[in-house]
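Try each task before you turn to its solution.

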Amino acid sequence: MPFVGFNQTILSGLFSDLEPLQEHYNYYKFEEDGTFEYHNGASLGDNFYAFGTYSLKNDSLVLNFNETIPLKIGFHSFEIWKNSTKNIEINFNVFSLNKTPASNVNIIYKDSSTKSGYNGIIADKLGRANLKLKKENKNLEISISNIGFKEYKLKIDKNYNYNIDVFLLEQGLGIPIKNQIICYKIVEMRNDYFIVLDENNKKIKWKKR
Amino acid sequence: MVPFDSITELNFSEYILSLFNDSNTFSYTIQNSTPDNPEANASTLGLTTTMNDNYLATASNLSIARTMIHELVHAYLNLRYSSPFSFDNGMDFRLKMEQYAQDNGIQDIQSNEFHHDFMGQYINAIAYSLYEWDKEYGTGLGNNDDLGWDYYYAMSFSGQFVVDINGNIVSSSDTFEALVPNSSERQQIVNIILNEQNNNSDAQGTSCD
């Protein structure tokens, strides 16, 4: 394999510091136009990911995580009203972030009258559910769970009635890394791998697939 | 020989598959493709497992079977956490998952970290499922041989570690370190898993022909 030297300015292809085809992964995918993407995760998808630009200067590889788009996470919106009844009513509409109704949603809340200390309901196929609870001067945390989506928690005041729209984030997307710069000192650079020193001065070999 | 007197309840993968077979609400999907993420052997999002084509082309049958069991457990944990009201006393299991996360300082129950750590409780069950599979469809095909309990037990630790490009452990789950305190024994287990994953000359499992 020819020695490329530190005059190289372009990286191309997928480089990983881990054995391939295990459960876990950690890799950069470099493009010749100076951009890269980064993924770290395992069976359930990314733990972290990033997009950015890189430069090879002298004996350094500089990774600028400057092209990552922040992740839109799950959210909810409330409509609220009060009345003089002894109970409150909570109406749920649960969707994915792209506004598709979510089926098989479990809506879970604390209830000291049950054996497990929790109670709840399963929404219908269109993500709709209705709860009637005793009016109380306290807050209640409600968990919205659905297979394939990240759990979402919200709090209500049990003095009021609510219409609640919940939008769930898909599972496995990971947390984006943004506005971070990593500068690696290059120890060795070849066509099929490069070795850098990490922040603890430990050598890390990144092998091309 | 399997070191249990009563093992019928330990064929965990059969139990999970029967759970999906008997359900009118949930179905488990397993498929293969060349995924966007080329590095992991498989991924499971919700109740869908995708096996990496590159892994299927490389690994021994035994390795593929253990990965399918591993991913099936991910799907099971996804289901049990997200849909507690679909099971009798389903909140009890969910609360055990929450307690385990709290005890082990893990924030996100739907994360790779939690799933792999929690999965350590099923090592024997996964090993027994793999043993049963190998007797029937792998090593034992036609002659009822097996590779010995320790081999299946070792194979069941997949996902409990991260290895570098030289096959050395760079990190292990707390569960792996608790069950196998000796680091050289952990590395021996990893070597068995990598032999089967790469289907090299030390692999004991049968190959796809």
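**Exercise 1.** Find what joins the side chains of Glu39(B) and Arg209(A), and say where each residue lies.

*Solution.* The two side chains form a salt bridge, with 2.6 Å from N to O, a salt bridge being a side-chain nitrogen of Lys or Arg within 4 Å of a carboxyl oxygen of Asp or Glu. Glu39(B) sits in the loop between strand S1 (29–33) and strand S2 (42–45) of chain B, while Arg209(A) belongs to the segment after strand S17 (203–208) of chain A, so the pair joins two chains. Helices (H or I, at least four residues) and strands (E, at least two) are DSSP runs, numbered from the N terminus. Next comes accessibility, where buried means under 20% relative accessible area, exposed over 50%, and partly exposed in between (1.4 Å probe, protein chains only). Glu39(B) is buried at 4%, and Arg209(A) is partly exposed at 37%.

Before going on, note that this is a predicted model, in which local features need pLDDT of at least 70 and side-chain atom pairs count only at pLDDT 80 or more, whereas totals for chains, interfaces and linings use all residues. Residues are numbered from 1 along each chain as its sequence is written, chains are lettered from A and ligands numbered from 1 in the order in which they are written, and side-chain values use heavy atoms, with hydrogens and water left out.

**Exercise 2.** Describe the salt bridge between Lys150(A) and Asp108(B).

*Solution.* The N to O distance in this salt bridge is 2.5 Å. Lys150(A) is in the loop between strand S11 (139–145) and strand S12 (152–157) of chain A, and Asp108(B) is in the loop between helix H4 (90–103) and helix H5 (112–119) of chain B, so this pair joins two chains. Lys150(A) is partly exposed at 21% relative accessibility, and Asp108(B) is partly exposed at 29%.

**Exercise 3.** How far apart along helix H4 of chain B are Arg94(B) and Glu98(B)?

*Solution.* They are four residues apart, which means a separation of about one helical turn. Their side chains meet in a salt bridge of 3.5 Å, N to O. Arg94(B) is buried at 2% relative accessibility, but Glu98(B) is partly exposed at 21%.

**Exercise 4.** Work out whether chain A is compact or spread out.

*Solution.* Begin with its elements, which are zero helices and 17 strands. Its radius of gyration, taken over C-alpha atoms, is 25 Å, well over the 17 Å that the globule rule (2.2 Å times the number of residues to the power 0.38) gives for 209 residues, so chain A is more spread out than a compact globule. Finally, its C-alpha atoms fill a box of roughly 80 × 30 × 30 Å along the principal axes.
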